[in-house]
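Please examine the sequence and the three-dimensional structure shown below. The paragraphs that follow lead through them step by step.

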Amino acid sequence: MALTTNKAVLAWIDEMAKMTQPDKIVWIDGSQEQIDALRAEACSTGEIEQLNQEKLPGCYLHRTAVNDVARVEDRTFICCRKKENAGPTNNWMDPQEMYAKLNKLYTGAMKGRTMYVIPYSMGVVGSPFAKYGIELTDSIYVVLNMCIMTRVGTAVAEKLGDDFIKGLHAKADIDPENRYIVHFPEDNTIMSVNSGYGGNVLLGKKCFALRIASHLGHEQGWMAEHMLILGLQNPAGEVRYLAAAFPSACGKTNLAMLIPPEAYREKGWKVWCVGDDIAWIRVGEDGRLWAMNPEYGFFGVAPGTNVKSNPNALASTQKGTIFTNVVHNLDDNTVWWEGLDKNPPEHAVDWKGNPWNGKESTEKGAHPNSRFTAPAINCPCISPEFESPKGVPLSAIVFGGRRAKTAPLVYQARDWEHGVFVGSIMASETTAAAAGAVGVVRRDPMAMLPFCGYHMGDYWQHWLDMGKKVGADKLPKIFNVNWFRTDDEGHFIWPGFGDNLRVLEWIMKRAFDETGAVDTAIGFQPKAEDINLEGLDVSKETVEGLLGVDKELWAEEAKGIREYYAKFGDKLPKELLQQLDTLENNLKK
Ligand code: OXD
Ligand code: MN
């Protein structure tokens, strides 16, 4: 039975059902009974497998098709009416042409299948920050994941207005040649076909909460960002919040759930996780910027997650979690992945569904992009503000990337405009783990390269405009960090993980004007002695090295930035070019 009488909603579902032709339509009410029934049905068809319910209650395993294991950026489109509004960093096609192409792929795609109607909310239901959507899908796996990643069901259906975000997903034949992840920002519509991989099919996440929401934020005066949000509690019991943007695979989830080093824990320091991937940021009643996490769960990368790197993430996966493309340990019906521990199971099934012996096999058992979908409320350090309808006030914004030599451990932008420049030049270097040349710089402004739903030049302008709207005295301070500097042998110099708190401490002190800084060519930096090294086997000289700025490397960097900026033509805000000129002049001094 339909959970709403909203005519716009019902008419759209009707239209989509006429095209896809499902055998039946089922509304998702979010109840435990319905979830249990769907789990049982998906187990009976092999879509998911139930794991050891004593060790991992409510946990299941799923394997995607071998050709369908990651987001497909080359098949992701922003179909606004004018090509120039999508900009040089997005794929574009005329909306009418794209609708016609997709209609063919969707026609009859749900024959013999069920269409599930998922009313979901990004944000706390009823919050003035929340936005509502419907995802139509023919995959129970998608339904179960959406029930973890978003707030789903009857309470949301009651809130649906005419401005709900429409999402249509059909697995079709999982044909990579006809796989499309398409956004029509002017129609509030997302269409995904021929994939079953999370990032392509959990439409509330990257598609809605970043691509569509960034477009809405541009129009409505707020921001949708690829950022974690955390609260840093100091020994005085005061909690200060920051949001941080890093490209995919730079450790956002680890930073968001950081456990302070022992010397800090003893004094009462604590980190609270508000979110690990997405922040919606608005001007609050007090005129400051407030951030909220629109999601309800974590869709984290499994490999490398362990009791040392991220015990909080691991704890989050111990109940009510769906694992995708990890190793199935047949001995005790649990899961395993590379980097979990040093005991790969011998009697197991790998991510492709083949028998696998972890002691003998030379091949990886889990896919490098295998995932856990875990309820956020499982996280031992989930912030008490996680369900706050207003979100949290931001004192700092942090950008970062993976740079072997150029970027220092930390620096602070001189002001908001400089901070927007710092975000716009964000980049990461490719590592040996990825195909292609090592050390190639991939620019990823604000970590939004694959997620900005409109022209990147307009997006930067929007950042500058938000700064003007808020005003210097209320704006969060902006920083850049780099945990990944390496020595001549390619080893990481900074220990990272929990010790990153030592840098966050300096950042927060700066945000509250509680410590000084050195004015350098690239911005404000700490003196080595301003980074607290108590209980850490790293010398002050090493930190001096980590904070060093090689002017020659930076001059090269500036050249690369100028070339990159040229792509954006007239849409490049002049303020950013001025910032680049200033940087080049500073480097010559
Ligand atoms: C993610 C990503 O899955 O950024 O969060 O790729
Ligand atoms: Mn992400």
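How many of the residues of S23 are buried? Before the answer, some conventions are needed: this is a predicted model, in which local features need pLDDT of at least 70 and side-chain atom pairs count only at pLDDT 80 or more, while totals for chains, interfaces and linings use all residues. Residues are numbered from 1 along each chain as its sequence is written, chains are lettered from A and ligands numbered from 1 in the order in which they are written, and side-chain values use heavy atoms, with hydrogens and water left out.

Strand S23 is mostly covered, for 5 of its 5 residues are buried. Here, buried means under 20% relative accessible area, exposed means over 50%, and partly exposed lies in between, with a 1.4 Å probe and protein chains only. Strands (E, at least two residues) and helices (H or I, at least four residues) are DSSP runs, numbered from the N terminus. In a regular strand the side chains alternate between the two faces of the sheet. In S23, Arg 371, Thr 373 and Pro 375 point one way, whereas Phe 372 and Ala 374 point the other way.

Strand S23 belongs to an open sheet of 5 strands with mixed pairing, in the order S2-S3-S18-S23-S17. Two strands pair if DSSP finds at least two bridges between them. Strand S2 (49-50) and strand S17 (297-301) stand at the edges with a single partner strand each, so one side of each has no neighbour in the sheet. S17 is joined to S23 (residues 371-375) by 5 bridges, and the two run antiparallel. Within this pairing, Gly 297 has Pro 375 of S23 as its bridge partner. Strand S18 (residues 322-324) also pairs with S23 in the antiparallel sense, over 3 bridges. There, Ile 322 has Thr 373 as its bridge partner in S23.

The loop between S23 and S24 holds Asn 378. Asn 378 is buried, with a relative accessible area of 15%. A polar atom of the Asn 378 side chain lies 2.8 Å from the backbone oxygen of Ser 316. This is a polar contact, which is a pair of N or O atoms within 3.5 Å; within protein, one must be able to donate a hydrogen and the other to accept it, and residues adjacent in sequence count only if both atoms are side-chain atoms.

In S13 (residues 239-245), 6 of the 7 residues are buried. Strand S12 (residues 227-233) pairs with S13 in the antiparallel sense over 7 bridges, and Gln 233 stands opposite Val 239 in S13. S12 and S13 form a hairpin with 5 residues between them, and Gly 237 in the turn has a positive phi of about 90°. By contrast, S13 and strand S24 (residues 392-400) pair in the parallel sense over 5 bridges. In that pairing, Tyr 241 has Leu 394 of S24 as its bridge partner.

A helix may be considered next. In helix H11 (residues 416-424), 8 of the 9 residues are buried, so the helix is largely enclosed by the rest of the structure. The buried residues include Trp 416, His 418 and Phe 421. Asp 415 caps the N-terminal end of H11, with a side-chain oxygen 3.3 Å from the backbone nitrogen of Glu 417.

The account now turns to the ligands. Arg 71, Lys 206, His 226, Ser 248, Asp 277, Arg 371 and Phe 451 surround ligand 1. Oxygen atoms of ligand 1 lie 2.9 Å from a polar side-chain atom of Arg 71, 3.3 Å from one of His 226 and 2.6 Å from an N or O atom in the side chain of Ser 248. The protein covers 88% of the 210 Å² of accessible area that ligand 1 has on its own, as given by the Shrake-Rupley method with a 1.4 Å probe; for residues, only the protein chains shown count as cover.

Ligand 2 is a manganese ion, and its protein donors are Lys 206 (NZ), His 226 (NE2) and Asp 277 (OD), lying 2.2 Å from it. Donors are N, O and S atoms within 2.8 Å of the metal (3.2 Å for Na, K and Ca); water is not among the atoms, so sites may look incomplete. Along the chain, the donors follow the spacing K-x19-H-x50-D. Lys 206 in helix H7 (residues 204-220) and Asp 277 in the loop between strand S14 (270-275) and strand S15 (279-283) are 71 residues apart, and this pair links distant parts of the chain. Both Lys 206 and Asp 277 are buried.

Notes
Near = heavy atom within 4 Å.
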